[in-house]
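User: Hi! I would like to learn how to read a structure like this one, feature by feature. Could you walk me through it?

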Amino acid sequence: MSSEIIQGVVAPFDRDNIDTDQIIPTEYLKSIKKFGFGDYLFDGWRYLDKGLLGMTSNQREINIDFILNQPPFQDSQILLARDNFGCGSSREHAAWALRDFGFKAVIASSFGDIFYNNCFKNQVLPIQLSKKDINILFELSAQSPQNISISLVSKELTVGSDISIPFNVDDNLLNRIIHNLDDVDITMKDKGSIEAFELSYSQKRPWLFK
Amino acid sequence: MKTLYDKLWDDHLVQTYESKEALVYIDRHYLHEVTSPQAFEGLRHKNLSPWRLNANVATPDHNVPTTRGDSFKAESIEDEISKIQVMELDKNCNEFKILQFDIESKEQGIVHVMGPELGYTLPGMTIVCGDSHTSTHGAFGCLAMGIGTSEVEHVLATQCLKTSKLQNMQVLFQGKPQEGVTSKDIVLHLIKLIGTAGGTGHAIEFAGSYIDSASMESRMTICNMAIEAGAKVGLIAVDQTTLNYVREHSDMTQEDFEHAQNFWTTLHSDEDAIFNKKIIIDVGTLKPQVTWGTSPEMTVDFDENIPNESDVPLDQVENLKLAKMYMGLEKATTLKDLSFDRVFIGSCTNSRIEDLRSAASVIKGQKVSSNIIEAIVVPGSGLVKAQAEKEGLDKIFEDAGFLWRDPGCSMCLGMNPDQLKPYERCASTSNRNFEGRQGNLGRTHLMSPMMAALTAINGIITDPS
Ligand code: SF4
């Protein structure tokens, strides 16, 4: 599978410092699986009742004030937030929950470092834009729901016919999303360099190898 | 001309790529039950085994109940899903032959407390763990950082982490703190100053005369919370204090120690090293710090007014309103106006022996306030617990009405039976005051062990001096 374009309505979530505890609360980390977290995304905000691992969305009391419970955002694939999105805990479950909900991209003015990396392992593209560009997107979204098109090839985001915003992202990281590559497979191609490094390193720091 | 971070990076660099990414060799990999099951599953799926078994050390900490007593087994965990997770770690460690201090072990503890005291953290190492507070180990002159589960799998399989180099930031803590001000207050103050994104993209090296005189425990508390300032790496140069700690806690032979020491004493930033950001803080003027809101940067002096809408920039008003509403601060001007329901002394930030001594020192002969539903003290590891009991600290706590528990993450996060009920207000020595962190709708105020202990006695925030 490969994806070069992400397209759809953007869900504006006007908040700073959305930490990974909010993206997926602790109680759902007890799963030993890697999938099935979509129903618990933003759990504390999305529902009025307290959920349990194993419960599905339709068994819950929905908070209709929450953006992802309102049309047309229930099926949104692009999330817009402000500063420091994904700060806090290293839980990759946060990226899994966004992915399982259906998000393919998150746009913010900055990201937590660990979360940012986790996204690329799970087909979620984090896009960092300037605060000015983020403001523009929020202002447009405040007028009416906005359709955005994100080209992973030209690294550009377009809104309507006249606004286009370029973004920066490491090519290697981007390639992992475009071609759905697995890191272990890629690194294993360099097995020889790791072995060579380890040999000379173990002679340099023998106490670490006892 | 190199910073400590640069030196550690260069020393472990296996290879670079055309992009910013590089492959970095990992010396120590800590594992716990929450972020490892999917990684082991990945290994199994690819038919791989751990690259270097001896690099790995595991223990369960997040899910373990803290009222275990003796002869408790993983099977005895009441919560079915917690039990599965702890038993899954047992199963994976057995299958892959990974060293584990399991729930029955005398040494079991929070992985960041247990590792250093058993000598598994040594200066100059690269250390990773599927846990953001891995930055703790930077206190030993290590390059230590939290990683995600896919990276846990990658490190198990390849002994390397694929990552990009961070920028360098230096924080100088100068001076001598006043009575009642601890490493926790100092790091909370830093986070208030630079914000929770202040260190994003950076490795923060802590230095200055305060750090020089600080114990390893205090240094660990500071590096632990580097992540709360946005920096996934926090680190401190190796000095005599580090060497003394390592000599006491590791079982290295004299010969190995001396050999290693020649290298370890080079683990500091060169005098002319260049930092991308630099901050100087005089710790002598600080008061004890307490968080009022739902992010660690929402911190004030313990007796200062809680900020109002007019005190913050326009774009922060909404965040402030939401935080105040969540924390139930409608009627409070200062934190002293709040009455507390629970007290938690523990977590990988503040559950080491020094923390327990400092909490015990202010409560001798006093009783926990009748307004407090429960005040719990949770040592960070089996060894901390044994040491505290040897010193009679458990008696001091119990005589005052605190509950003395078994090691684990406990009320730092709502994953085991120690949790806040909705709207309960907690004085906590942990590191995150996020919404719901200690239990659904619970309200967390972060502070030092001394301040938390005093809050238990008086039911309200109290001047420790
Ligand atoms: S004590 Fe808290 S912060 Fe530390 S490892 Fe456990 S859950 Fe994480």
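Analyst: Happy to. Let's begin with burial: a residue counts as buried when its relative accessible area is under 20%, and as exposed when that value is over 50%. Keep in mind throughout that this is a predicted model.

User: What does A:Gly8 touch beyond its sequence neighbours?

Analyst: Leaving out residues up to four places away in sequence, A:Gly8 touches A:Ile78, A:Gln146, A:Asn147 and A:Ile148. For a sense of distance, take A:Asn58: 50 residues separate it from A:Gly8 in sequence, and the two C-alpha atoms are 24 Å apart in space.

User: Now the whole chains. How many helices and strands does chain A have?

Analyst: Chain A has eight helices and seven strands. Its C-alpha trace spans about 65 × 45 × 30 Å along the principal axes, and 58% of its 210 residues are buried. Among contacts with a separation of 6 or more, 63% are between residues 24 or more positions apart. Chain A exposes about 8,800 Å², with carbon and sulfur atoms supplying 49%.

User: And what is the make-up of chain B?

Analyst: Chain B comes to 15 helices and 19 strands. Its radius of gyration is 21 Å, close to the 23 Å that the globule rule gives for 465 residues, so chain B is as compact as a globular protein of that length. The C-alpha trace spans about 55 × 55 × 45 Å along its principal axes. Of the residues in chain B, 68% count as buried, and the accessible surface is about 16,000 Å², 48% of it belonging to carbon and sulfur atoms. For contacts between residues at least 6 apart in sequence, 76% join residues at least 24 apart.

User: How should I read a nonpolar core?

Analyst: In soluble globular proteins, nonpolar side chains tend to be buried together. Here the largest nonpolar core has 111 residues, and those touching the most other members are A:Phe42, A:Phe85, A:Leu125, A:Ile150, A:Leu157 and B:Phe402. Helix α15 of chain B (residues 449-458) gives the most to this core, with seven residues. A second, separate core of 93 residues includes B:Ala22, B:Leu89, B:Cys142 and B:Ala229.

User: Which residues does A:Ile150 touch?

Analyst: Setting aside residues up to four places away in sequence, the partners of A:Ile150 include A:Ile5, A:Ile78, A:Leu125, A:Leu157 and A:Phe167, and also A:Glu4 and A:Glu156.

User: What about the backbone? Which feature is worth checking at A:Phe42?

Analyst: Look at phi: A:Phe42 is not a glycine, yet its phi is positive, about 50°. A:Phe42 lies in the loop between α1 (20-23) and α2 of chain A and has a relative accessible area of 0%, so it counts as buried. B:Ser347 also has a positive phi, about 85°, without being a glycine. B:Ser347 is found in the loop between β15 (342-345) and α12 (353-361) of chain B, and it is buried at 0% relative accessibility. Another backbone feature is the cis peptide bond joining A:Pro71 and A:Pro72, with omega about 0°. A:Pro72 is in the loop between α2 (43-46) and β2 (78-80) of chain A.

User: How many disulfides are there?

Analyst: A disulfide is a covalent bond between the sulfur atoms of two cysteines. The structure holds zero of them over all chains. For B:Cys129, the nearest cysteine sulfur is that of B:Cys348, 9.8 Å away. For B:Cys142, it is that of B:Cys223, at 9.6 Å. At 0% relative accessibility, B:Cys129 is buried, and B:Cys142 is buried with a value of 0%.

Conventions: Residues are numbered from 1 along each chain as its sequence is written. Chains are lettered from A and ligands numbered from 1 in the order in which they are written. This is a predicted model: local features need pLDDT of at least 70, side-chain atom pairs count only at pLDDT 80 or more; totals for chains, interfaces and linings use all residues. Side-chain values use heavy atoms; hydrogens and water are left out. A disulfide is a pair of cysteine sulfur atoms within 2.5 Å. Buried means under 20% relative accessible area, exposed over 50%, partly exposed in between (1.4 Å probe, protein chains only). A nonpolar core is a set of buried Ala, Val, Leu, Ile, Met, Phe, Trp, Tyr and Cys residues joined through side-chain atoms within 4.5 Å. Helices (H or I, at least four residues) and strands (E, at least two) are DSSP runs, numbered from the N terminus. Contact means heavy atoms within 4.5 Å. The radius of gyration is taken over C-alpha atoms; the globule rule is 2.2 Å times the number of residues to the power 0.38. Accessible areas come from the Shrake-Rupley method with a 1.4 Å probe; for residues, only the protein chains shown count as cover.
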